[in-house]
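Biologist: Hi! Could you walk me through this one? I'd like to start with the strands.

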Amino acid sequence: MPELPEVEVVRRGLERWVAGRTITEVEVLHPRAVRRHLAGGEDFAARLKGQRLAVAQRRGKYLWIPLADGDLSVLGHLGMSGQLLVQPEAAPDEKHLRIRLRFDDTEGTELRFVDQRTFGGLSLHDNAPDGLPDVIAHIARDPFDPAFDDEAFHRALRLRRTTIKRALLDQSLISGVGNIYADEALWRARLHYDRPTATLTRPRSVELLGHVRDVMGAALMVGGTSFDSLYVNVNGESGYFDRSLDAYGREDEPCRRCGTAMRRRPWMNRSSYFCPRCQRPPRVSS
């Protein structure tokens, strides 16, 4: 599942290549790709025809393109394998092409939504007062948002009866952090994923937020993390931050800090990777 850096790479591509362009035609090639648009594919296509796209926006892992005229946005759900690609009009259709948007200019490119597993899709929504599509108005700000409140985040951690990795993945508390970057930030902070949030001091939560920002910022600089061909930017290029991962996917490899073999544990239908020496598990109270 794409996390904040991967989605931001796509957002920047959309800002560069589709902002300000007017849609002349929408082809919905698979009904599941618009299943979140409850009025159906024909309505989705009809309502977008003639609309001019504004600059793509992002909060956490959520991506949307506001319409320049009106209070509506196209929300993109990338899911497990969704891709928004800007392709030459003459380029052959991808095998899993689901939606095509054509434009009224002479740039010679179109926007394609490609999705092998059809978990993602596009949908049209009213905007909430703050400009977000109404269906994601409850999502918390992400740590790169200038309005993100570090002190409020620390207070929320102290009040919640949960563990630190669960808190990092709670999109109502902090958005954009997924399994990969949570493991990376926790390794950098020397924190075990099961540590209770109530035990974090203010300096430790500030340090952890710094590592969250650092690791996702570093990933953003190299285009995100790609483990296969499913995550790409709008030009079809893969990111390569996976070459720099210190924790995720490194089971039995030596910790880059102390040399101890890294471990993997099942966690909420996923996996957590950690160093048993640098990230000691919390003591179990008797």
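Biologist: In which sense do strand 6 and strand 7 pair, and over how many bridges?

Modeller: Strand 6 (residues 97–103) pairs with strand 7 in the antiparallel sense, over four bridges; pairing requires that DSSP finds at least two bridges between two strands. Strands (E, at least two residues) and helices (H or I, at least four) are DSSP runs, numbered from the N terminus. This is a predicted model: local features need pLDDT of at least 70, side-chain atom pairs count only at pLDDT 80 or more, and totals for chains, interfaces and linings use all residues. Residues are numbered from 1 along each chain as its sequence is written, and side-chain values use heavy atoms, with hydrogens and water left out.

Biologist: Which residue is the bridge partner of I99 in strand 7?

Modeller: F113 is the partner of I99. The two strands form a hairpin with five residues between them, and G108 in the turn has a positive phi of about 80°.

Biologist: And how many bridges does strand 7 make with strand 5?

Modeller: Seven, again antiparallel. There, L85 stands opposite R112 of strand 7.

Biologist: Switching topic, how many residues of helix 1 are buried?

Modeller: 10 of the 14, including L4, V7 and R11. What covers them includes strand 7 (109–115) and helix 6 (202–221).

Note on methods:
Buried means under 20% relative accessible area, exposed over 50%, partly exposed in between (1.4 Å probe, protein chains only). Contact means heavy atoms within 4.5 Å.
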